[in-house]
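Hi,

Here is the structure I said I would pass on. Have a look at it first, and my notes on what turned up follow below.

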Amino acid sequence: MLKKISLLLLLISITATAQLQSPAEFLGYEVGTQFTRHATVVDYFEHVAKNSKMVTFTEYGKTNERRPLTYAVVSSPSNISNIDNIRTANLASTGIIEGSGNADKAIVWLSYNVHGNEASSTEAAMTTIYELVTKRQSWLENTVVIIDPCVNPDGRDRYANWYNQVKSTPFNANQVAAEHNEPWPGGRPNHYLFDLNRDWAWATQVETQQRLKVYNTWMPHIHVDFHEQGINEPYYFAPAAEPFHEIITPFQRSFQTEIGKNHARYFDKEGWLFFTRERFDLLYPSYGDTYPTFMGAIGMTYEQAGHGRAGLGINTDEGYELTLVDRVAHHTTTGLSTVEMGSKNASQLISEFKKFFKNDNLKYKSYVLKGHPDKIAAVSQLLDKHEIKYGYSSNGNINGYNYNEAKKGSLNGAGALVVSTNQPKGKMVKVLFEPEAVLTEPLTYDITAWSIPYAYGLDAIASENSVQANGKTPVTIINNTNVNAAGYILEWNSMADAAFLSDLLQNNINVRFSEKALRFAGKDFDRGSLVITKSDNRTNPDFNTTLNQIANKHNRSLFASSTSFGDTRTDLGSPDVKMINAPKIAMLRGNGVSSLSYGATWHFFETQLKYPVTHIDTDNFNTKTLAQFNVLVMPEGWYNKLLSESNMTGLKQWIRNGGKVIALGRASANFADKDGFGLKKNKADDADNNEDETTGNLTPYDQRERSNVKNLITGSIYKVKLDPSHPMAFGYGDTYYSLKQGAASYKFLDNGYNVGYIDGDAISVSGFSGDDAKMKLKNSMIFGEARMGAGSVVYLVDDVLFRSFWENGKLFFANALFFVNNNKFTL
């Protein structure tokens, strides 16, 4: 019997690989001796699928730069012929879809090259698929392997094309050689310079959005994200470091250890070094290891030495040459070892995966959210991307943990959004909505707070009871503007309103905003409301038609007033109802600028606000170019070289003439303690620095990292007081919850406007903050405006556009653009 099975496998192998070429045969060079362009990688996978009955290859989307996003499904010929039944049986086993759930195949998903310049993994994807279909067929009898050969094609080609242009032949292993020093912004991020490995949960990028649609149709039992790290670290694989999120099961913990031990067996045989458990925790939900883990998989990160510096080969500090050939071999080995462990343990994986989706033991049964409809819609759109179910409540008061009060409280639940943990993806619901994640270890690899109610600016209750909810169809608003109306008013509450304003200005509709509360026909409108008058647009013959079209496009409800005469003393013609001058915006990019902050801001302008901006490279910047603009956006960065004495003089003059600088995050520090800018560091920083200089640091060497946690804030959420009368805070109340990434602290502005600030002791509602770092934030300015002549400098000390997921902060930036000191610019 065994001889018959062996003969059958041999015949299958011969038939399947008769026309199949190895990667080296297809490419014309050995894998690892060159970087393969993405299009050629796609060609090879198409070749394998065409010549093997064990592979299908599918395009699931395109990048911003129109490169294909693809994945291969690899299994035995019989499994491939029955693949849709295998897929649906797996989903049915979780309860995600109805069915018997008689799953009997392990599903292993291998994701390569999420960071474009960590490019060895895509090369390994080619060797891995070839090895599977030619030599490892027995593993595929009970296992389906999904291979995404390149999660980030735009970043990979940016890196590979650059490297192929500048490398020496033969390659130069000297670290100072040009081929080991990428130019800004590097190949790591995607087109919009986002880190795709931190976008899984927030799904702001097209690559993530399209991949999640496929991921949700498979829900693998194992998911691996292949990476690279510094050239002097050897290789990292699971088990991961603490902290583990509390929903991770004992099986998920133990099985990744078993996988790691299997890798170690191969690495030890070859004499390859590795390490485990020291880095890369499993807490923040938006990684390629944590997101799959919170969806029931064994999610893991594998990190090979190399990164963008390594090229085809580089001399490490430890005295050996690290080559791309080595890096590919290591990634191929761990990929195959993972599949092997999936196959050997298929039954247990399937059984434990099914158990993961039982959520009876979760403390909170329902998360109830209430707030402006635009913000509720934004949350529901995020949930839709993850195929998480939700509904709307008709209940009265709902009791539980009140997010705004950070204690037990209640909320009127009528019409509120309800997200229940009593659904297959209930554990992911807990992770995304929980008030605060449990930390077993403060030293983490990323932020420690992200709770959706705070991020979206909503009132919320976490209830220990199940709250009944039903579906609700979104309301579509249709405007039919009255040609006899004196004007139209729109309340200002959300980014949807800002996008509407952007569209109006670009279509030459004149718009005002009110710095005072309005009342017309008995209806109240808060500060910041938009006012569109017939008088301001009387020379536009298409005014009503255009306004109708734009309002309906954005689903905005306009209040038509038959008169400009207000119920209160503020009429539509009041000096406090100010014209919005369409800003002409320049934004800095290039050396010294954080590529991530720049990318998030670029993405904000192009995909959310949809307002034009001119990008200026820091190498080409001089203040004479600013004459064409009235707003300068400075993403996070280090601008010391840019702000020379002559440039600073020119910048000040431009501001005095009516220019406006908007400094995001660390960009604010470039103006601290400089004459005329009003920004001063808090004394706590100076006191600490002086103390270190006089007393020294006597902390033992092996305790330094642990001791330093007292100075860290790892993405904690802080309660911030607002001045709602200032235009930068229009659309907000008197309280805001800010995601703070560090302990940078500035004094209250003496002569400027402290719009958002911490008054007294700093209050953190979620996430880790060291005691000393928290102390530094006492009495500090978070958002402010300093006037200089006719112009302003706007300080957003907390980067409100960080990773584009802190939705509630984005309106500050829009307000700074359109409302703050919106004067006509004069030369």
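**What I found**

Glu-131 is buried, with a relative accessible area of 16% (buried means under 20% relative accessible area, exposed over 50%, partly exposed in between, with a 1.4 Å probe and protein chains only). Before going on, a word on the source: this is a predicted model, where local features need pLDDT of at least 70 and side-chain atom pairs count only at pLDDT 80 or more, while totals for chains, interfaces and linings use all residues. Residues are numbered from 1 along each chain as its sequence is written, and side-chain values use heavy atoms, with hydrogens and water left out.

**Salt bridges**

Back to Glu-131, which forms a salt bridge with Lys-135, the closest N and O atoms being 4.0 Å apart. The term stands for a side-chain nitrogen of Lys or Arg within 4 Å of a carboxyl oxygen of Asp or Glu. Both residues, Lys-135 and Glu-131, sit in helix α6 (residues 120-135), four residues apart, about one turn of the helix. Helices (H or I, at least four residues) and strands (E, at least two) are DSSP runs, numbered from the N terminus. An α-helix has 3.6 residues a turn, so residues three or four places apart point the same way.

The search of the whole structure finds 37 salt bridges. One of them joins the side chains of Asp-157 and Arg-67, at 2.8 Å from N to O. That pair links distant parts of the chain: Asp-157 is in helix α7 (residues 153-166) and Arg-67 is in the loop between β1 and β2, 90 residues apart. Asp-157 counts as buried because its relative accessibility is 4%.

Lys-430 and Glu-434 also meet through their side chains in a salt bridge, at 3.2 Å from N to O, and both Lys-430 and Glu-434 are buried. There is a network of salt bridges too, linking Glu-118, Arg-188, Asp-195, Arg-198, Asp-446 and Arg-803.

**A seven-strand sheet**

In what order do the strands of the open sheet of seven run? The order is β1-β2-β4-β3-β5-β9-β6, with mixed pairing. Two strands pair if DSSP finds at least two bridges between them. The edge strands, β1 (55-62) and β6 (235-236), each pair on one side only. Strands β5 (residues 222-229) and β9 (residues 298-305) run parallel and are joined by eight bridges. His-227 stands opposite Glu-303 in β9. Helix α3 (residues 38-51) packs on the sheet, touching β1, β2 (68-74) and β4 (143-148), and its direction makes about 145° with that of β1. Here axes are lines fitted to C-alpha atoms, for helices over the stretch in contact, and angles run from 0 to 180 degrees between N-to-C directions; contact means heavy atoms within 4.5 Å.

Helix α20 (residues 645-656) has 12 residues, which should span 16 Å at 1.5 Å a residue; its end C-alpha atoms are 17 Å apart, which agrees. The expected span is 1.5 Å times one less than the number of residues. Its buried residues are Asn-647, Met-648, Leu-651, Lys-652, Trp-654 and Ile-655. They cover an arc of only 160° around the axis, so they lie on the same side of α20 (the arc is that of the directions from the helix axis to the C-beta atoms). On the face turned away from that buried side are the exposed residues Glu-645, Ser-646 and Thr-649. The cover over the buried residues of α20 includes β27 (631-634), β28, β33 (780-788) and β34 (791-796). After α20 comes Gly-658, with a positive phi near 120°.

For helix α18 (residues 543-553), the buried residues include Phe-543, Leu-547 and Ile-550. The buried residues of α18 pack against β18 (487-490), α17 (495-506) and β22 (530-533). Just after α18, Asn-555 has a positive phi of about 55°.

**Two serines**

Ser-668 is in the loop between β28 (660-664) and α21 (683-695). Is Ser-668 buried or exposed? Ser-668 counts as buried, because its relative accessibility is 0%. Leaving aside neighbours within four places in sequence, Ser-668 is in contact with residues including Ala-663, Tyr-746 and Tyr-795.

Ser-595 is in helix α19 (residues 595-609) and counts as buried at 17% relative accessibility. Not counting residues up to four places away in sequence, Ser-595 touches Trp-184, Pro-185 and Leu-193.

Cheers
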